[in-house]
Amino acid sequence: MAILVTGGAGYIGSHTCVELLNEGYEIIVVDNFSNSKPEALKRVSEITGKSFKIYPVDVLNKDELEEVFSNHKIDSVIHFAGFKAVGESVTFPLKYYQNNITGTVVLCDLMKKYKVKNLVFSSSATVYGSTDQVPIVENTQLGAVNPYGRTKQMIEEILQDLHHSDPTWSIAILRYFNPIGAHESGRIGEDPNGIPNNLMPYISQVAVGKLQKLTVFGNDYPTKDGTGVRDYIHVVDLAIGHLKALENVQSTCGVDAYNLGTGKGYSVLEMVGAFENASGKSIPIRLSKRRPGDAATCFANPSKAKEKLNWQATRGINVMCADTWRWQRNNPDGYEKVLKTIIGSHSPVQNHAAGFLMPE
């Protein structure tokens, strides 16, 4: 019985694949590589010493995705696949609604057909919108304020409706806060397309010389140093959270949402200082006015995940920054090597040179 991981070549997906393989799971990865690199999966195989099957398939392509279900006995699905840039979603809302929502509906329809009813869904703390309630708990009123967040909120509602129609479904909805860090090997990490949208990859690209300075939006918030406070979580802690959620959905029925965060908030300037200590690099900053819609403080109450999933984040800010720097220093241009992805029939064959199973 295998675990299907959609979007498994992405930042969080690749780290989750490592943890799944290390725990002895058989995995099958589906990824269209529109916002990820096959090289990430090659390195997952190198880190774990294990091979796995990969299908270069878009979840919107129902026929090709069905081949994966028909070729394998799938037990559960971890669903990462989706567009994720908030700014881009504002510019191209229809692209986000079509990809994220329709792709999930296609996936769930095939899961229903093949009687695969265990699902771990990659959601986001953006579903909470600009709430003033901190720490944020799962029953905080949802109110996403951008198209990306709305796609996650709508998918959560779809999954609730799906379970209501058939109570034998078991679904865990994981609301991430701010993932940062990288695998301790320095072999896989965050490799954004173009200029980073998030704080930590931006800082690390300044440190490595790819960007000149960090712009800090707002230094007049009611926080300890005037800059915004967020809940940063190590990506490996986040990946382990998916394994705990997987164990839960495999042994229960129902649908439930969980915050995955540390329960602690750090300001932008605190993150800059911690990264400077970890890297030995000075990070030039430029102060700018606040961005509309940005909250002063946002961090999770993760106690529900601790109680029900037996999970909690263990890696602190210094480890997060040290691992981020190791990844960026060793890979200044991200995943430079690009594996050939030969699109044709999707019967997996062994690619001995790559060390993992690649469809041809």
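## Close-up views of the structure

**View A. Pro-135 is situated in the loop that runs between β5 and α6.** The model shown here and in the other views is predicted. The peptide bond leading from Val-134 into Pro-135 is cis, and its omega is near -5°. Most peptide bonds are trans, and most residues other than glycine have a negative phi.

**View B. Lys-115 and Asn-310 are loop residues, Lys-115 between α5 and β5 and Asn-310 between α10 and α11.** Although Lys-115 is not a glycine, its phi is positive, at about 60°. With a relative accessible area of 70%, Lys-115 is exposed. Asn-310, also a residue other than glycine, has a positive phi near 55°. Its relative accessible area is 59%, and Asn-310 is therefore classed as exposed, the cut-off being over 50%.

**View C. Helix α2 is mostly covered, with nine of its eleven residues buried.** The buried residues of α2 include a run of Pro-38, Glu-39, Ala-40, Leu-41, Lys-42, Arg-43, Val-44 and Ser-45. Thr-48 is buried as well. Gly-49 follows α2 and has a positive phi, near 70°.

**View D. Strand β4 (residues 74–79) is largely enclosed by the rest of the structure, because five of its six residues are buried.** Strand β4 pairs with β1 in the parallel sense, over five bridges. It is also joined to β5 by three bridges, again with the strands running parallel. Val-77 of β4 takes part in both pairings: Leu-4 stands opposite Val-77, and in β5 the bridge partner of Val-77 is Leu-119. Strands of a sheet pair through backbone hydrogen bonds, either parallel or antiparallel.

**View E. Three strands form an open sheet in the order β12-β9-β14, with mixed pairing.** Strands β12 (266–267) and β14 (297–298) stand at the edges, and each has a single partner strand, so one side of each is left without a neighbour in the sheet. Strand β9 (residues 229–230) and β14 run parallel and are joined by two bridges. In this pairing, Val-229 is placed opposite Thr-297 of β14.

**View F. The largest nonpolar core holds 40 residues.** Val-29, Phe-52, Leu-174 and Leu-260 touch the most other members of this core. Helix α8 supplies the largest share, seven residues. Another core, of 29 residues, lies apart from this one, and Ile-28, Leu-107, Leu-110 and Leu-119 are among its members. In soluble globular proteins, nonpolar side chains tend to be buried together.

**View G. The largest cavity has a volume of about 70 Å³.** There are two cavities of 30 Å³ or more. The lining of the largest one is made up of Tyr-11, Ile-180, Gly-181, Ala-182, Glu-190, Met-200, Pro-201, Ser-204, Thr-324, Trp-327 and Gln-328. Helices α7 (199–207) and α11 (317–330) are the elements that give two or more residues to this lining. By class, the lining of the largest cavity has six nonpolar, four polar and one charged residues.

View H. His-79, Phe-80, Ala-81, Gly-82, Asn-100, Thr-104, Phe-121, Ser-122, Lys-152 and Ile-155 line the second largest cavity. Two or more of the lining residues come from each of α5 (93–113), β5 (118–124) and α6 (147–165). The lining of the second largest cavity divides into four nonpolar, five polar and one charged residues.

**View I. Trp-327 and Tyr-335 form an aromatic pair.** Five aromatic pairs are present in the structure. In the pair of Trp-327 and Tyr-335, the ring centres are 5.0 Å apart and the planes stand at 55°, so the pair is tilted. Trp-327 counts as buried, at 3% relative accessibility, and Tyr-335 likewise counts as buried, at 6%. Trp-327 is also one of the residues lining the largest cavity.

Technical notes: Residues are numbered from 1 along each chain as its sequence is written. This is a predicted model: local features need pLDDT of at least 70, side-chain atom pairs count only at pLDDT 80 or more; totals for chains, interfaces and linings use all residues. Side-chain values use heavy atoms; hydrogens and water are left out. Two strands pair if DSSP finds at least two bridges between them. Helices (H or I, at least four residues) and strands (E, at least two) are DSSP runs, numbered from the N terminus. On a 1 Å grid over the protein atoms alone, a cavity is a set of points where a 1.4 Å probe fits but cannot get out, and a pocket is an open set with protein on both sides within 12 Å along at least five of seven lines; lining residues have an atom within 4 Å of a point. Grid points are joined across faces, edges and corners, and a volume is the space filled by probe spheres set on the points. Ala, Val, Leu, Ile, Met, Phe, Trp, Tyr, Cys and Pro count as nonpolar, Asp, Glu, Lys and Arg as charged, and the others, Gly among them, as polar. A nonpolar core is a set of buried Ala, Val, Leu, Ile, Met, Phe, Trp, Tyr and Cys residues joined through side-chain atoms within 4.5 Å. Buried means under 20% relative accessible area, exposed over 50%, partly exposed in between (1.4 Å probe, protein chains only). Rings of Phe, Tyr and Trp (its six-membered ring) pair if their centres lie within 6.5 Å; planes under 30 degrees apart count as stacked, over 60 as edge-to-face and the rest as tilted.
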